[in-house]
Structures are given as C-alpha cells and as structure tokens.
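Welcome! Take a moment to look over the sequence and the 3D view, and then read on for a short tour.

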Amino acid sequence: MRVLLHFRGVYGPNLPLGAIGQLELLPAGTDLLSRLSPGVDVSSDDARDSVHSLHARGMILVADDGSVWTTVPPGTPHSAPDGGWTFVEQKVPAPAERIASTS
C-alpha cells in the first residue's frame with residue numbers, strides 16, 4: 001500500500017499500473033536511468049522517481065510492446081504538426097520475450 005501511495009503522489013489518482021511495472025523493471029536490464037538522469041550524485045531512487053515523473057507528464061511513454069520512447073506530448077510547442085504525439089527516440093527496445101511471442 002505504501003508503494004501505491006507513493007506512486008499516487010507522482011501520477012495522481014489514476015495509476016498506470018502496467019507502465020509503472022515496466023518502468024520498475026528497467027533498472028535491472030538497462031542504463032535508462034543514468035541516460036535520463038545524468039546528474040552527479042543522483043541516487044538510484046531519485047533517478048527512478050525522475051523517470052516516473054517524466055512518464056506522468058507524458059515525456060516518456062511505454063508502448064504496448066514494452067519499448068520505452070521519449071516523446072513530446074500533444075498540444076505543446078514541439079508536438080506533431082497535427083497537434084498529436086511526437087515520438088522522439090526509442091530509449092529501450094521491446095523485451096525479447098515480447099517480440100518472440102508475437103512472431
């Protein structure tokens with residue numbers, strides 16, 4: 001319950017549980033936290049909170065296949081010409097087991 005209350009402080013009342021779970025698994029297999037939080041003396045907990053904060057604001061998204069993308073949210077100055085999402089860069093590819101299960 002304490003974990004859910006923590007994430008409610010980041011995301012508000014509607015918790016994206018699937019994305020939260022995926023983002024929580026990333027530190028073990030990628031260098032995403034260090035790439036998105038390159039500050040000196042940033043603890044792993046602070047870096048993880050930073051990634052969740054970026055996700056809560058729409059700056060990174062977890063796709064249905066589990067890949068993680070940096071984005072520009074709709075309606076912001078650098079969003080797509082039609083006012084939709086701009087997917088900037090894939091930061092983490094889809095997990096191999098997800099790709100294998102769809103082939």
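## A first look at the protein

The accessible surface of the protein comes to about 6600 Å², and carbon and sulfur atoms hold 57% of that area. Keep in mind that this is a predicted model. Its pLDDT averages 80 over the protein, with 84% of the residues scoring at least 70.

| Element | Residues | Confidence in the protein | Mean pLDDT |
|---|---|---|---|
| Strand S2 | 68-72 | highest | 89 |
| Helix H5 | 96-102 | lowest | 55 |

How are the elements arranged? The protein has five helices and three strands, and along the sequence they follow the pattern α-α-α-α-β-β-β-α. Of its 103 residues, 31% are buried. Among contacts with a separation of 6 or more, 41% are made by residues 24 or more positions apart.

Helix H4 covers residues 44-56, which makes 13 residues. From its first C-alpha to its last, H4 reaches 18 Å, close to the 18 Å expected at 1.5 Å a residue. Which residues of H4 are buried? They are Ala-47, Val-51, His-52 and His-55. These four cover an arc of only 140° around the axis, so they lie on the same side of H4. An α-helix has 3.6 residues a turn, so residues three or four places apart point the same way. Just after H4 comes Gly-58, which takes a positive phi of about 80°.

Terms used:
Residues are numbered from 1 along each chain as its sequence is written. This is a predicted model: local features need pLDDT of at least 70, side-chain atom pairs count only at pLDDT 80 or more; totals for chains, interfaces and linings use all residues. Side-chain values use heavy atoms; hydrogens and water are left out. pLDDT is the predictor's confidence in each residue, from 0 to 100. Helices (H or I, at least four residues) and strands (E, at least two) are DSSP runs, numbered from the N terminus. Buried means under 20% relative accessible area, exposed over 50%, partly exposed in between (1.4 Å probe, protein chains only). Contact means heavy atoms within 4.5 Å. Accessible areas come from the Shrake-Rupley method with a 1.4 Å probe; for residues, only the protein chains shown count as cover. The expected span of a helix is 1.5 Å times one less than its number of residues. The arc is that of the directions from the helix axis to the C-beta atoms.
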